[in-house]
Amino acid sequence: MRRLVVIVQPDQVNGYRLAGLEALAVDDPDLAAAIITPWLEKGEEILLAMGESVYQLLSQNLADRIHASSHMLLVTIPDGPIRQSENRGQQRIFDAIRHATGVQIRFKGEIDGKKS
């Protein structure tokens, strides 16, 4: 991948920008499509990190195009409120890393990806 782009809700974008990342604020599906579609059409090599709430805005057609692309890799970022215990929040992050990498990574204190 030649480029990392983060797409999140407007209230989260400044944190990513302060971390030095290219971050875009999106809160409507048409804007998301207008940003992502040209990248897909040009075959730009992008690692696209997208907040779950923004990903949910995408049309099924656009989501399918992203997943089918050999040039774009999608990673979703959990961004909703965590209403359960801190351990569940940690588990969400572990699951997101596993999903993004496609590898069943074992973290400290786990056996076969499950809390011991």
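Among contacts (heavy atoms within 4.5 Å) between residues at least 6 apart in sequence, 51% link residues at least 24 apart. Keep in mind that this is a predicted model, where local features need pLDDT of at least 70, side-chain atom pairs count only at pLDDT 80 or more, and totals for chains, interfaces and linings use all residues. Residues are numbered from 1 along each chain as its sequence is written, and side-chain values use heavy atoms, with hydrogens and water left out.

Let's follow the chain next. The protein has five helices and six strands, taken as DSSP runs numbered from the N terminus (helices H or I, at least four residues; strands E, at least two). Along the sequence they are arranged as β-α-β-α-β-α-α-β-α-β-β.

Now for the interior. Of the 116 residues, 34% count as buried, meaning under 20% relative accessible area with a 1.4 Å probe and protein chains only. A nonpolar core is a set of buried Ala, Val, Leu, Ile, Met, Phe, Trp, Tyr and Cys residues joined through side-chain atoms within 4.5 Å. The largest one holds 17 residues, and Ile7, Ile36, Trp39, Leu48, Met50 and Ile66 touch the most other members. At least two residues of this core come from each of β1 (3-8), α2 (29-42), β3 (46-51), α4 (60-68) and β4 (72-77), with α2 giving the largest share, five residues.

Take a closer look at Ile66: leaving aside residues up to four places away in sequence, Ile66 touches Ile36, Leu40, Leu48, Leu58, Met72 and Leu74. A second, separate core has six residues, among them Val8, Val13, Ala49 and Ile77.

Notes
Buried < 20%, exposed > 50% of the residue type's maximum accessible area, 1.4 Å probe, protein only.
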